[in-house]
Structures are given as C-alpha cells and as structure tokens.
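Here are my notes on this model, point by point. Please read them with the coordinates open.

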Amino acid sequence: MRGFKQLTPIPEAQRAVLAALTHVPRAAAVPTPTAVGKYAAADVVAPADVPPFDRAAFDGYAVRSIDTLSASRTNPAMLKLVGKALPGRPHQGALGPGEAVEVATGAPLPPGADAVVPYEEAAAREGYVEVYRPVPQYYYVSRRGEDVVAGEVVIRRGRLIKPWDIGVLASLGIKEVPVYKITAAIISTGNELVELDDAPPPPGKIINSTRHVLEAMLREVGVEPHYMGIVPDDEDVIYERVREALREHDMVITTGGVSVGEPDHVVSAVSRLRPSVLVHGIAARPGRPNSAAVVEGKLIAMLSGFPVASIVGFEVFVKPAVLKMAGAAEEPRPVVKAVLTRRVTTPINVRSFVRVRVYRQGGRLYAEPLAVTGSGILSTLTRGNGLLIIPENREGYDEGDEVEVVLLGPIE
C-alpha cells in the first residue's frame, strides 16, 4: 500500500473545516419532556417568576417580623393563631398585627406575613403562639422570583438540554422547546462488510461494527443518525450515495475506503462534489486515514473503517462540527493525574490517542497503556477507562511519569 504523502496536523485540519462550515440545521419546537439530549435552537425566556409567590421554606408559623422584635425565652411574643396554610391550600385573608398562621413548607405566605418561625423556636398554647426569639424579615421565606425571575433567560441557544433543565422548564409551564434537529447520514463502504444480523460472518467477511459505534456517539451529542447501508468499493456508487445523502442530511459520515490503497475510493468520489475544503489524512495515531471535506457548507467526514480510528476521527471532525452548527460549547470531561506504568513512545509531530486502564493502588492512581498501535484492536474500547492524549511536540512519556488522563469510565 502506498503511504500518505502528507498528513495535516489536527489543529490545522480543524480550523480549515470549521471555517468552511456554514450550514445551519433545521430547528423545530418539541414537547418539553422530549427535548433532553438536544441543543436549544433559541434562548428560552421565563414567562413568570419561580416561585410565583412568597412561600414558607420551613414548617412553623407565618408571622410579621416586627411582632417578634422583643421576643425571648423569658419574655415570648404572644401571637394569636388565626389559621393554617398548606401547599395548594393558602390561608384566606391577610395577617394582621399580633397574629400568626401555621404554615407547612411550600405553602404561600398570607399577605402581611414576612417571616416564618420554625416549630422549634415557638410553641402553640390555647389559641396563641409563643415566639421565643426575634426573627428577621424573610426568615425561612422563599421569595417570589428567588429561583427564576420573569424575563430571565433560563436556557441559552446552544445548550445541550439536561434532565434537570426539563424540570426548570416544566416548573415555568413551558410546554415546548425549540431545538436543533440535526441529522447525520452514515454510509459504510467495503466489499468485506456484513451487517450484525448476518453474524456469524462468512469466511473473509467482517461485521460492520463501526457503524454501531458511530450511531451511539451521534446520539450522545444530540444528533439523529440515519444509516444508509453498505456500498461496494466502487467510486461511482459511492459518489451517488454521498450526493444523495448530502441533500437530505445536515452532515454525512462515511466509513472505510479513505486510505491510499487500491480499494480506497471515498476521497476521489467526494472530490467530484467539488468541496471547498478537503483534508486527506491527519497527523493522528491511530486514525491517520481520517479525512474531511466541506461541500455547500456541510461536513462530509470520511472516517476509517476501524472502530478505534473512527472514534478519533469523530472527535476531530464530527463533534466540533456539531458544536459549531448548534452554537454550543464542548462540555468538559473529567481529568485525573496518574502514574504511567510503562513507557509510551509515539512519533513526533503526530497527536497520539492512547487508551489506558486507570486503577487505584496504595492511595495513588496508575495508568496502564493498553495498545499504542493498532486502530482495529477492539479490546481497548472495553478494557480502557481513560484516554492519554500525547501532543504533537512530544515523543511519548517514560514509565513513572505523572500524566493527565481523560476519564472515560469509573476508576477501578
């Protein structure tokens, strides 16, 4: 197989692709409970205050704070008990001077009340409440608008909506949320591929596992994957399928056929679409065949057919493109410092992605490299719980070095 004549550094490849990416995905309003995991397509503004009224933040008695100014254990303030307020069942009428209303947590404060005396700081006796200490204004009171003020932006455009966001939106009575409906077509290439339904594969064939990895990763970043099947190693067929997919989707992802061997026709097929940007091969290990193009402002990510290498290509091209289209920022991943258990050597001027097993021993964290080479070594995907990213300006790390590891799973 002929080698790559030149590999583009990852930062350079990303800058070129993202600069040319101009496509904006379709936005649609969806029911609030179904918006989780999608990107907000517009700012969502609170239509009302939350809470919508002053309410008790503790079980006790609603009072006027001024009536408790001189209260003490030896000289309690005596307030007439005139009613009870429960959540959903407020006290009817205003609170007058020298009066108190029994309240439960979450119940609206009656007009005139501005504090809550907890049960522990008072006692009810024969229709009166003895208050044993002065309480300041708004003591144990959750103020109207304390959580959210009407007119406040509660969800900003580009936010990946989380489960707790749904709770806030529901509390505001917001029934629908505008979100981006980002779709990605997945096209697998290779005469050697068969689908999972055909397992076990016949001799000389392999199961198309990469397709399933990418579908799962797309869903994780708020994108709806549309699988368009396996196409043979034929440039004309690949060209027609990619062109069709590009018309109907926000981005296209192909797998396989991106190296420089005889059956690799994807890059030449995509070139016929006259891309404004075309990157063939990146300075990554694993994943150097990963490539990308931008056609009519849309991304075509041409990824390796090997699962491990395709994940690198996804992180380099697909995920940043999704974030740009949605106007979103990448969410930080947990990073830990761990001691490397053996030397890792990598080429200079190449960014290396090394799967590691992070474990705890003797009060310290250690990182065991699993496989430095081999983009098709599937065991690293399940055995590894961390990722050591070695920058282009290093040739690796020595055994015993303390390194930063991106956690991908729980520490053993």
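1. Helix α1 crosses helix α6 in a right-handed sense. The model is predicted. Here α1 covers residues 10-20 and α6 covers residues 307-326; the two pack at an angle of about 35°, with axes 10 Å apart. From α1, the contact uses Ile-10, Ala-13, Gln-14, Val-17, Leu-18 and Ala-19. From α6, Glu-315, Val-316, Phe-317, Pro-320, Ala-321 and Lys-324 take part.

2. Helix α3 (residues 209-220) also packs on α6, at an angle of about 35° and with the axes 10 Å apart. The crossing of α3 and α6 is right-handed. On the α3 side, the residues are Ser-209, Thr-210, Val-213, Leu-214, Met-217 and Leu-218. They meet Pro-307, Ser-310, Ile-311, Phe-314, Glu-315 and Val-318 of α6.

3. Now helix α4, residues 235-248. Its 14 residues reach 20 Å from first C-alpha to last, close to the 20 Å expected at 1.5 Å a residue. At the start of α4, look at Asp-234. One of its side-chain oxygens comes to within 3.0 Å of the backbone nitrogen of Asp-236.

4. Which residues of α4 are buried? They are Ile-238, Tyr-239, Val-242, Ala-245 and Leu-246. Viewed down the axis of α4, the buried residues fall within an arc of 140°, so they line one face of the helix. Arg-247 and Glu-248, on the other side of α4, are exposed.

5. What covers the buried residues of α4? The cover includes the strands β13 (183-189), β16 (224-231), β17 (251-255), β20 (291-295) and β21 (298-303). Helix α5 (266-271) is also part of this cover.

6. Two loop residues deserve a look. Thr-32 sits in the loop between β1 (27-31) and β2 (44-45). Thr-32 counts as buried because its relative accessibility is 3%, and buried means under 20%. Setting aside neighbours within four places in sequence, Thr-32 contacts Ile-166, Leu-169, Ile-174, Lys-175, Glu-176 and Val-177.

7. Gly-363 is in the loop between β24 (351-361) and β25 (364-371). Is Gly-363 buried or exposed? Its relative accessibility is 69%, so Gly-363 counts as exposed; the cut-off is over 50%. Asn-385 lies 22 residues from Gly-363 along the chain, and their C-alpha atoms are separated by 18 Å.

Technical notes
Residues numbered from 1 in each chain as written. Predicted model: local features only at pLDDT ≥ 70, side-chain atom pairs only at ≥ 80, totals over all residues. Heavy atoms only, no water. Helix = DSSP H or I, 4+ residues; strand = E, 2+ residues; numbered from the N terminus. Expected span 1.5 Å × (residues − 1). Buried < 20%, exposed > 50% of the residue type's maximum accessible area, 1.4 Å probe, protein only. Arc of directions from axis to C-beta. Contact = heavy atoms within 4.5 Å. Polar contact = N/O pair within 3.5 Å; in protein donor to acceptor, adjacent residues only side chain to side chain. Axes fitted to C-alpha atoms, helices over the stretch in contact; angles between N-to-C directions. Left-handed = near helix turned anticlockwise from the far one by under 90°.
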